[in-house]
Amino acid sequence: MFTNKCRSGLLGFAVLCAILGISLGDTVPELPTTSPWYGNEEIRIFREYLRYPTVHPNINYEPCVEFLKRQAAGLGLPVSVVYPVNAQNPVVVITWQGSQPDLPSIMLNSHTDVVPVFEQFWTHPPFAADVDETGRIYARGTQDTKGLGMIHLAAIRALKRNGVQLKRTIHVTFTPDEELGGFNGMAGFVASNEFKALNVGYALDEGGVSPTNTIGVFYDERCPWQIEFICNGPTGHASLLFEGTAGEKITYLMDKFMKMRKDEVKKSKKGVAAGKVTSINLTVLKGGVQANVVPPELRAIFDVRLGVDVDHAAFERQINKWCKEAGGNITINYLIKTPKAPASRTDSTNPMWAVIETTAKEFNITVVPSILVGATDMRFLRRENIPGFGFSPIINTPLLVHDNNEFVTADAYLAAINFFTKVLTNLGKI
């Protein structure tokens with residue numbers, strides 16, 4: 001929904017783990033023999049993945065990449081590592097070839113990076129993957145999205161164990177940098193020759209876990225724009241009344257944006273779907289040198305998430321008009337300017353939707369077409385006209401994305417694997 005990576009290698013990673021009070025991923029402590037999940041292979045693999053602290057701002061992805069290579073080897077599948085933007089941000093691709101490899105393939109995507117933690121607010125170390133007596137597995141990334149990535153691999157493991165051969169090739173991808181916008185990950189990957197060689201026809205990416213047995217399947221998402229305004233004007237002693245000051249200009253812009261924000265709040269209160277409401281927030285104010293000096297420059301940054309029905313060109317024209325009305329001499333920097341991507345269809349014309357809907361019914365799960373209010377890597381795929389959905393099969397779990405004490409229960413995780421195994425079976429037949 002930007003970083004200076006630490007390249008300290010395995011030694012630095014081991015030191016970090018020691019500081020955090022955890023051991024390296026491949027030495028995950030076994031659960032007590034009295035635990036209902038003792039010896040469960042999927043729980044062990046999941047916990048190992050969670051123990052790699054791929055946390056912003058200083059991430060060393062390499063131990064995580066080595067873990068994923070071991071998973072591919074255990075599945076007997078080929079794996080490739082692509083660095084589409086720079087050597088600090090690897091994309092891992094694990095491929096299960098179908099019986100008709102010329103057909104467009106299916107991509108199952110998740111991301112390897114996780115957001116920072118405030119460890120003092122956690123009841124368990126955030127990278128220890130502790131399991132309490134009720135089966136809660138605590139770790140940053142359990143929901144967003146390491147759980148999803150391991151569910152993808154677990155489903156393939158189950159199908160291969162049962163001798164199933166799917167018609168379509170499956171590519172399980174693990175991308176970096178999603179939590180910072182994906183510009184060093186999926187954005188570069190979709191432009192690469194390596195991606196084009198995958199021949200992706202359909203894609204599934206992350207969705208939110210559900211506290212009930214109703215799952216939101218995201219067919220579209222709002223478009224993030226982060227806009228910096230640099231307002232320039234005369235400077236001098238603060239006892240004088242200059243015209244066209246930076247303060248007047250920035251105040252004019254703030255008034256306009258806040259009026260628009262109030263209108264969007266009203267829409268939300270009237271029950272307009274969140275994905276069709278534009279969020280506007282003033283996130284940064286900078287400027288001024290001293291209390292008695294009129295500043296020659298003031299800066300403001302607005303985080304805007306455009307509703308799916310917004311005309312982007314019209315919105316940009318409105319911004320330009322406001323800057324002119326404010327007095328001009330204002331620089332506009334688009335820190336993020338996400339273009340509109342085509343929404344994925346949720347009807348009989350999209351076989352992927354039909355599979356998800358019918359399979360969910362078999363498990364007494366309800367799926368609801370939804371618009372994501374945040375942003376994921378899926379937007380880069382939709383821009384390539386690849387139909388796709390954001391979809392998490394984890395249900396009966398409180399939504400704790402980016403929150404303290406993020407967890408999933410072992411039972412909910414294993415149930416999600418069973419559900420997704422059937423989804424993948426049916427997707428591989430379309």
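**View 1. Strand S5 meets strand S17 in this predicted model.** S5 covers residues 136-138, and three bridges join it to S17. The two strands run antiparallel. Tyr-138 has Phe-407 of S17 as its bridge partner. Strands (E, at least two residues) and helices (H or I, at least four) are DSSP runs, numbered from the N terminus. Residue numbers start from 1 along each chain as its sequence is written, and side-chain values use heavy atoms, without hydrogens and water. Local features need pLDDT of at least 70, side-chain atom pairs count only at 80 or more, and totals for chains, interfaces and linings use all residues.

**View 2. An open sheet has the order S4-S5-S17.** Its three strands pair in antiparallel fashion; pairing takes at least two DSSP bridges between two strands. S4 (130-131) and S17 (407-409) are the edge strands, each pairing on one side only. Helix H2 (residues 41-50) packs on the sheet and touches S4, S5 and S17.

**View 3. Helix H9 crosses helix H11.** The axes of H9 (residues 351-362) and H11 come within 9 Å and cross at roughly 140 degrees. Axes are lines fitted to C-alpha atoms, for helices over the stretch in contact (heavy atoms within 4.5 Å); angles run from 0 to 180 degrees between N-to-C directions. H9 is therefore oblique to H11: angles under 35 degrees count as roughly parallel, over 145 as roughly antiparallel, 65 to 115 as roughly perpendicular and the rest as oblique.

View 4. Over residues 1-25 the pLDDT is below 50.

Terms used
pLDDT = per-residue confidence, 0-100.
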